[in-house]
Every structure is written in C-alpha cells, then in structure tokens.
Amino acid sequence: MTFLETALFVIAIYIALVLVRVILGPTIWDRLLGLNAISAKIIMSIVIFSIITEQPYLLDVALVYALLGFIGTVLIARFIEKKGDIS
Amino acid sequence: MIDLLAYLLITIALIFMALGVIGLFRFKDFYSRILISAKIETVGFLTIMIGFTILSGLSYAAMKILLITLMVMITNPLSTHAIARSAFLSGYPINQEPRR
C-alpha cells in the first residue's frame, strides 16, 4: 500500500474510535462533538482520495461537505439549547 | 525532497489526530474533552492540509485544498463554540475541582 493509502486507513481507524465515543457519550453534546470530529476526518479522507485517484473535482465535494457539516452542527446545537423552538 | 517534507507533515498530522482521539477518551469531564479535541482537531487538520498542498504541487488542486483549509479553519472553532455554548446554557454543570 502506498503512503497515502495507509494514511487513509489510519484515518478510518480514527473515525471508528471517535464513533465509539459518539456511542458511549453520556450527553448529547458529546455525541455532537464526536460528529463534528468525524466530519472533519471525512473531509480529510475525501481530499486524500482525490489525490490518490488524481480527480481534482472531488475537492469541491469536500468543500461543500465542510460547510454543510458546519451548518448542521450549529443548527443541532441551537435546537438542543432552545429545547425545540428554533424561531 | 519536497515530497519527503509533505510525507513528514502528514505523519505529524496523523500523530496529532491520534493525540486528539486519546484526549477524547482520557478526559472524564465534557468541557475539558471538547477543549482538547477541538483544538487538536483543528491543528491536525491544518497540518495535514498543508502536507497535501505541498504534495499536489502548484496547481488548481492545491488552491482548492487551501480554500478548504481556510473554510474549515473558520467554521471548526465556530461549531465547537456553538456546542459548548449550548451545553453551558442548557445547564450542564461545570464541576470546580480539577479533574484528574
């Protein structure tokens, strides 16, 4: 396996470990924190994959995923904080 | 030579992320956990993206990777702040004694 494929494999292991924290997490915010960490790792794996396969258009996927992940996390955080009424 | 530097940076970033994941499990209190993991997450992300930029040389892909890094550098601390703020305002207790 080349260096980048081993890096991709190591990031997959990190995602699995953070997933354990998401499952174990006593509170909702632990789970939200774990999801935030997983989305950052997924962005890294998309970029690694686009470098391995030399397809630069995949980087746009990573950019859109980063922004949507941010919006989703902030929305869920506000939803929990306001106990349901977002308005 | 340049690729060697990129591979070195990627290895350092993977070590950072390993520390971040260990920090995620080591700390018992939520606030110390979010502090550690978010900070190391951002640093690891920055380092690995600089490594990819060097690896992909001078091209549009490198510019795109730098744009992604800029976006995540702005949004990651903001989303972590939103999580910690919602935890604090919803009354999650901050215990005062220093946790081991």
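Modeller: What follows describes the contacts between the two chains, beginning with the basis of the values.

This is a predicted model, in which local features need pLDDT of at least 70 and side-chain atom pairs count only at pLDDT 80 or more, whereas totals for chains, interfaces and linings use all residues. Residues are numbered from 1 along each chain as its sequence is written, chains are lettered from A and ligands numbered from 1 in the order in which they are written, and side-chain values use heavy atoms, with hydrogens and water left out.

The totals come first. In chain A, 40 residues are in contact with 39 residues of chain B (contact means heavy atoms within 4.5 Å). Between them, chain A and chain B bury about 3500 Å², and carbon and sulfur atoms account for 79% of it. Buried area here is the accessible area, taken with a 1.4 Å probe, that two parts lose on being put together, summed over both. On the side of chain A, the residues that lose the most area to chain B are Trp29(A), Leu33(A) and Met44(A), which together make up 19% of what that side buries.

Leu33(A) lies in helix 2 of chain A; helices are DSSP runs of H or I with at least four residues, numbered from the N terminus. With 3% relative accessibility, Leu33(A) counts as buried. Buried means under 20% relative accessible area, exposed means over 50%, and partly exposed lies in between, with a 1.4 Å probe and protein chains only. Beyond the residues up to four places away in sequence, Leu33(A) touches Leu24(B), Phe30(B), Arg33(B), Ile34(B), Ser37(B) and Ile83(B). Asn36(A) is also placed in helix 2 of chain A, which spans residues 28-52.

The nonpolar residues come next. A nonpolar core is a set of buried Ala, Val, Leu, Ile, Met, Phe, Trp, Tyr and Cys residues joined through side-chain atoms within 4.5 Å. The largest such core has 47 residues, and Val47(A), Phe30(B), Ile48(B), Met49(B), Phe52(B) and Ile68(B) have the most contacts inside it. At least two residues of this core come from each of helix 1 (3-24), helix 2 and helix 3 (58-81) of chain A, and from each of helix 1 (2-26), helix 2 (30-55) and helix 3 (60-89) of chain B. Helix 2 of chain A gives the most, with 11 residues.

Apart from neighbours within four places in sequence, Phe30(B) is in contact with Trp29(A), Asp30(A), Leu33(A), Ile83(B), Ala87(B) and Tyr92(B). Ring pairs join Trp29(A), Phe30(B), Tyr31(B) and Tyr92(B) into a cluster. Rings of Phe, Tyr and Trp (its six-membered ring) pair if their centres lie within 6.5 Å; planes under 30 degrees apart count as stacked, over 60 as edge-to-face and the rest as tilted. Over all chains there are 5 aromatic pairs. In one of them, Phe3(A) and Tyr7(B) are tilted, at 4.7 Å centre to centre and 50 degrees between the planes. Phe3(A) lies in helix 1 of chain A and Tyr7(B) in helix 1 of chain B, so this pair joins two chains. Phe3(A) is partly exposed, at 29% relative accessible area, and Tyr7(B) is partly exposed at 31%.

The charged residues complete the picture. A salt bridge is a side-chain nitrogen of Lys or Arg within 4 Å of a carboxyl oxygen of Asp or Glu. Chain A and chain B have 4 salt bridges between them. One of these pairs is Asp30(A) with Arg33(B), at 2.8 Å from N to O; Asp30(A) lies in helix 2 of chain A and Arg33(B) in helix 2 of chain B, so the pair joins two chains. Asp30(A) is buried at 1% relative accessibility, and Arg33(B) is buried at 3%. Lys41(A) and Glu41(B) also meet in a salt bridge, at 2.9 Å from N to O. Finally, Glu81(A), Lys82(A) and Arg85(B) are linked in a network of salt bridges.
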